[in-house]
Amino acid sequence: MITLTKLNGQSVAVNADLIEMVEETPDCLLTLTTGRKLMVRESMEVVRAAFLEYRRGLGRAYPVPAGGPDYDPTEIAEL
């Protein structure tokens, strides 16, 4: 989980594996795979850095494969 700050100043722990999309609108809006949306004070770059740090800590810094015509699960690139 990553710790972020809601617009009202409340800290919240977010399951980083559920983050589907991050937008700056100009506030930072997270859309989760559950359909829930969360507006946070941190910038998109700060959220991205926290996400990557979390994934590196798990040993899973690479993107989750999404498939496609050129997808080869044996060729997962490292960041």
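Mentor: One term before we start: buried means under 20% relative accessible area, exposed means over 50%, and partly exposed is in between, with a 1.4 Å probe and protein chains only.
Trainee: OK, so how much of the chain is buried?
Mentor: Buried residues are 24% of the 79 residues in the chain. Keep in mind this is a predicted model, where local features need pLDDT of at least 70 and side-chain atom pairs count only at pLDDT 80 or more, while totals for chains, interfaces and linings use all residues. Residues are numbered from 1 along each chain as its sequence is written, and side-chain values use heavy atoms, with hydrogens and water left out.
Trainee: Which strands make up the open sheet?
Mentor: The order is β3-β4-β5, with antiparallel pairing. Two strands pair if DSSP finds at least two bridges between them. The edges are β3 (19-24) and β5 (37-40), each pairing on one side only. On average, neighbouring strands in this sheet are turned by 20° against each other, direction ignored.
Trainee: How is that angle defined?
Mentor: Axes are lines fitted to C-alpha atoms, for helices over the stretch in contact, and angles run from 0 to 180 degrees between N-to-C directions.
Trainee: How many bridges are there between β3 and β4?
Mentor: Five, with β4 covering residues 28-32. A hairpin joins β3 to β4 through three residues, and E24 stands opposite C28 in β4. P26 is in the loop between β3 and β4, and the peptide bond joining T25 and P26 is cis, with omega about 0°.
Trainee: Nice. How many bridges join β4 to β5?
Mentor: Four, again antiparallel, and L29 stands opposite M39 in β5. That hairpin has four residues between the strands, and G35 takes a positive phi near 95° there.
Trainee: Where does the helix sit?
Mentor: Helix α1 (residues 44-58) lies across β3, β4 and β5, at about 155° to β3.
Trainee: Let's go inside. Which residues touch the most other members of the largest nonpolar core?
Mentor: I2, L4, V14, L30 and V40, out of 13 residues. A nonpolar core here is a set of buried Ala, Val, Leu, Ile, Met, Phe, Trp, Tyr and Cys residues joined through side-chain atoms within 4.5 Å. β1, β2 (11-14), β4, β5 and α1 each supply at least two residues of this core, and β4 gives the most, with three residues.
Trainee: What is V14 in contact with?
Mentor: Contact means heavy atoms within 4.5 Å. Leaving aside neighbours within four places in sequence, V14 is in contact with M1, I2, L4, I19, L32 and L38.
Trainee: Switching to T5: buried or exposed?
Mentor: T5 counts as buried because its relative accessibility is 18%. T5 is in strand β1 (residues 2-5), and its side chain makes a polar contact with the side chain of E42 (2.9 Å). A polar contact is a pair of N or O atoms within 3.5 Å; within protein, one must be able to donate a hydrogen and the other to accept it, and residues adjacent in sequence count only if both atoms are side-chain atoms.
Trainee: And K6, where is that?
Mentor: K6 is in the loop between β1 and β2, and counts as partly exposed because its relative accessibility is 24%. K6 and V40 are 34 residues apart in sequence and 4.4 Å apart in space, C-alpha to C-alpha.
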